[in-house]
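Here are my notes for you on this one, in numbered points. Keep the viewer open and look up each spot as you read.

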Amino acid sequence: MSRFLFLVPARLCRAAFVLAVLLHICLPRIALAALAPLLSDFSHTAWGPQQGAPNDVLQFAQTPDGWLWLASPNGLYRFDGVRFERMDSVQGQRLHSTNVLGLLATPDGALWIGHRFGGISQVQDGRLRFHRPGEGLPKGSILGIVRGPDGTIWAATPSGVASLAPGAARFAMVPADTGLPQVRIYQILFTRDGRQWVAAEGGLYYRTAGARQYLRAWPHGTLMAMAEAPDGTLWASDGTDRHYRVALAPPAGHPAPRAIPGGTGMHFDRDGTMWVLKRHALERRVAPYLGQPDAAAGRAQAAQQLGQANGISGPLPQMWFQDREGNIWIGTSAGIDRLRPNRVHSLGLEAALDHPTVIGTADGHVLLGDRVRMVRTIDAHGVLQTVGPMHATASYRAPDGTVWLGGIGVHWRREPDGRWRSFPHPPELARYITHALSLDRDGRMWVALQTLGLFRVDGAGWQRNGGLAGLPDDLVMALARDDAGRTWVGYVDGRIACIDHDRVRMFGAADGIAIGNVQSLLVDGARVWAGGEHGVGYIEDGRWTALAAPLRGVSGMARTPDGDLWLHGADGITRIAAAEVERILLAPGRIATLEQFNALDGLRGSAEQLRPIPTLAQAADGRLCFTTASEVASIDPRRIPRNRLAPTVQILGLQAHGQTYAGTQVELPTGTGELQIAYTALSLSMPERVRFRYRLQGVDDTWRDAGTRREAFYTNLAPGTYRFEVSAANEDGVWNDAGAHVDITLPPRFVQTKTFLALLVALGALVLYGLYRMRVKHLSRRMDDLLHARLVERARIARGLHDTLLQSVQSMIMFFDLQARCLPPDAEQRPQAERLLALADRLMAEGRDCIHDLRASAAPQELGQALREYGDALLPERLAVTVSGRPRALVPLVRDELQTIAREALFNCARHAAARRVELVLEYGRDTLRIVVRDDGCGTARLRDGHYGLSVMQERAAAIGATCTLTSVPGHGTTVDLAIDARRAYTDTGRPALLPRLRRRFLSFRLQ
């Protein structure tokens, strides 16, 4: 049909239009009440055994922590919105029986579980108390459990009613003398006026608050299910698809009770809607809750049913429950169903649309058109009314409120009196689809046609691109007119044109536009928003700014009076709050915070990407309408249902080494390094959108964003104590900051303890000591070898010195001795010669001692005395010796080197200085041994080639760790200052440290 319409000539279109207008005028308007089908107002989800849900769900309960509990013959289950878990134990307490029937959760956190074969289990604060049959409770199934206004627990049994008063130790049966028969009890109900109602076999009974006696209500007969309507009316079902209004007493004349079509049970939600449980479906009714016998209304009722034809989990819907977030839960023989109120409401037409387009009118209505149906209006109550024979593919509302519609080969204008005037396109353009419409400031119409591009209509003439230079011939996707009267044009290649009278300015990739095909334009004051295939941005003051947000295929945009920016694209509906829009405008490049609405909120399909666009229209009353390929949906931004209940967060358990651990304080096995933590948040409306964050104190510095993941993993954990914290937010971003936590202890292995570390350090020290000993032995052996080699060399040198130098010196001494004897006894030179010969004899003796290694045979002479004797022989009557401090025993090597250096200094004074006075100062200091040789000679001491005395002095000093400083001033003498650390010089300073000993030993070895 739609393909045929594309080829209809303009003449036939005009004829059809005239005929339709005549019919429209002559025939009364027919208002079709838009149905309110169940599935358009609620999102439906079904679970069966394939998803882990139990079969034959008989009862629901929700504990204060948010868990949804399900009773079935297969056992007791709990549900967090994602995973079903069979519970053979509750709070660590094993149940008496897993075949449960009655179920009650009380505000104090207790869970009451009625068993099919008798008895009630009460679980609270980690303790279980089993109320046995025969101990106040009769034998047989517990059919139901309720809590009275005063906290009394009431149980329905096959033998009557039992109650447990607050503080009582055991249940007690209601006696027969109260007027309540001891027969099978189907239901116990407390109404808002304080009455207690009992549905028993044979009739309904009630008693007022504080009364003892029960009275029989009307109608008489067995009624199995009761529910109180918002107006206080009590309804009851006989279990055979008939409902009755219950009265305290029979009406006058005792007429037969009047039944209305019903089901096996009924319930009322918090909004006052009646939900009827039928044998094969769930039915939704609004006041006055009466069944309609006529065929048309019967079809309407069928449209509000959820049955096996439209996805219910199974037959025999037998239990209804509304949780704390407002979701409706249905238990069937094959699973469970959840009905969640939608935020996005579908129009709910009798048949699917074919690529619809919508536009808001100035009178508060919304015009709806598509390719195959006549254009209709939709009011705020969802009532549809046909207004014209057009098949719309594009729409436009002018600044004065005039509505224009475009179709195939024609466009229409709505006149002030409500009539439509057609404007056929030229014959050569009659078969092309209209993409977009807009009026410029001069009242000329701009029309974008399929394939052909842009045209300006001036009177009866159509001119491509309005005859303006600079406009491309590409496909136009969107048109808009700003407050200044300029026309904005969006092209498929990502370019945007601004037409101001006859001036054209193009924006494109060079200006930073990178949104792909431009699919929508929105004028926002001096700003123009553009939505495209790859994102959204805006042009302001001639500059383009991209919106930093993950958006795709945006083909509809609107700015509400409160400043929110709404977008409709390939990913659904997006809302950017007004405050967030202002932040984005002030800080371009800021990542936008988005709120999205999609299939979870009731949106069916996604925004069209070609035509008809735009896919978003704003009505005069503020409603937003969104179009997809076959649906029209709406949101009232002022009345979006919000979930203000922060989700309860629970840590389900910790898993390590294949074992699961629970509790708030957990000690894991020794050596645990990998950990898996399971957690959940009890938000049953949209668990798919619950977001988590967690951190492990001691490992994580900040919160980790886990998204929707409900597990945390840690590896390579060191031993210690940690605290794991997790919090969650519901679908509306309401965070439970308190969250949940667990303290975790990871005991170390022995190899991770301080004891092991100390042993390891000790072992390391032992190994180092062993290596040190091995090294010392190695060095000792090496030094012994080197010492042996040196001794051999010294023996060879000694033989050479003995055979050459000493013999020659001995000969010279003998010669000088003969010459000295030849001097007269009273000669002036004779004493001096004798002293020199005595010194020469001592030097010869020392030389022989060195050669024969005989120095150890006698105790060494004190250093000061030895230097005094040496100096007196060289410098008679010119040497002054000063010794300060207590003379100390010196290290032999140091003593020999110091004596040699000092002798060399005294020898230089005697030979080269021409000094009249020489001072020798020896200081045995506590920290330093110091020797100073000072003369008042010519002061010309310096290092000269061929003379090595001064350089040898410094080398010997450096070899033993001493310092030798030479100061010589011409005409004022020379000073030799020799200093060495007391720890190196003295033998009685205590045992030195290891490294200094080694160093001294090596030094001693080198000097030898």
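1. Start with Leu277, which stands opposite Leu282 in S27. The two strands here are S26 (residues 274-277) and S27 (residues 281-285), and they pair in the antiparallel sense over 4 bridges. Keep in mind that you're looking at a predicted model.

2. S26 and S27 belong to an open sheet of 4 strands, in the order S25-S26-S27-S28, with antiparallel pairing. At the edges sit strand S25 (265-268) and strand S28 (305-307), each of which pairs on one side only. On average, neighbouring strands of this sheet are turned by 20 degrees against each other, if you ignore direction.

3. Next, have a look at strand S58 (residues 624-627). Which way do its side chains go? Leu624 and Phe626 point one way, while Cys625 and Thr627 point the other way, and all of them are buried.

4. S57 and S58 make a hairpin with 5 residues between them, and Gly622 in the turn has a positive phi of about 100 degrees.

5. Then follow the chain onward from S58. Strand S59 (residues 632-635) runs antiparallel to S58 and is joined to it by 4 bridges. Here Leu624 stands opposite Ile635 in S59. These two strands form a hairpin as well, with 4 residues between them.

6. On to the rings. How many aromatic pairs turn up in a search of the whole structure? There are 21. In one of them, the rings of Tyr679 and Phe692 have their centres 5.1 Å apart and their planes at 55 degrees, so this pair counts as tilted. Tyr679 lies in strand S63 (residues 675-682) and Phe692 in strand S64 (residues 691-697), so the pair ties together parts that are 13 residues apart in sequence. Both Tyr679 and Phe692 are buried. They're also part of one aromatic cluster, made up of Tyr679, Phe692, Tyr694, Tyr714 and Phe724.

7. Compare that with Tyr769 and Tyr772. Their ring centres are 6.1 Å apart and their planes are at 45 degrees, so this pair is tilted. Both sit in helix H6 (residues 754-821), and because they are 3 residues apart, about one helical turn separates them. Tyr769 is partly exposed, with a relative accessible area of 48%.

8. Finally, check two spots where an arginine lies over a tryptophan ring. Arg78 lies over the face of Trp67, at 3.9 Å from the ring centre. Arg693 lies over the face of Trp703, at 5.1 Å from the ring centre.

Conventions. Residues are numbered from 1 along each chain as its sequence is written. This is a predicted model: local features need pLDDT of at least 70, side-chain atom pairs count only at pLDDT 80 or more; totals for chains, interfaces and linings use all residues. Side-chain values use heavy atoms; hydrogens and water are left out. Two strands pair if DSSP finds at least two bridges between them. Axes are lines fitted to C-alpha atoms, for helices over the stretch in contact, and angles run from 0 to 180 degrees between N-to-C directions. Rings of Phe, Tyr and Trp (its six-membered ring) pair if their centres lie within 6.5 Å; planes under 30 degrees apart count as stacked, over 60 as edge-to-face and the rest as tilted. Buried means under 20% relative accessible area, exposed over 50%, partly exposed in between (1.4 Å probe, protein chains only). A charge sits over a ring if NZ of Lys or CZ of Arg is within 6 Å of the ring centre and within 35 degrees of the ring normal.
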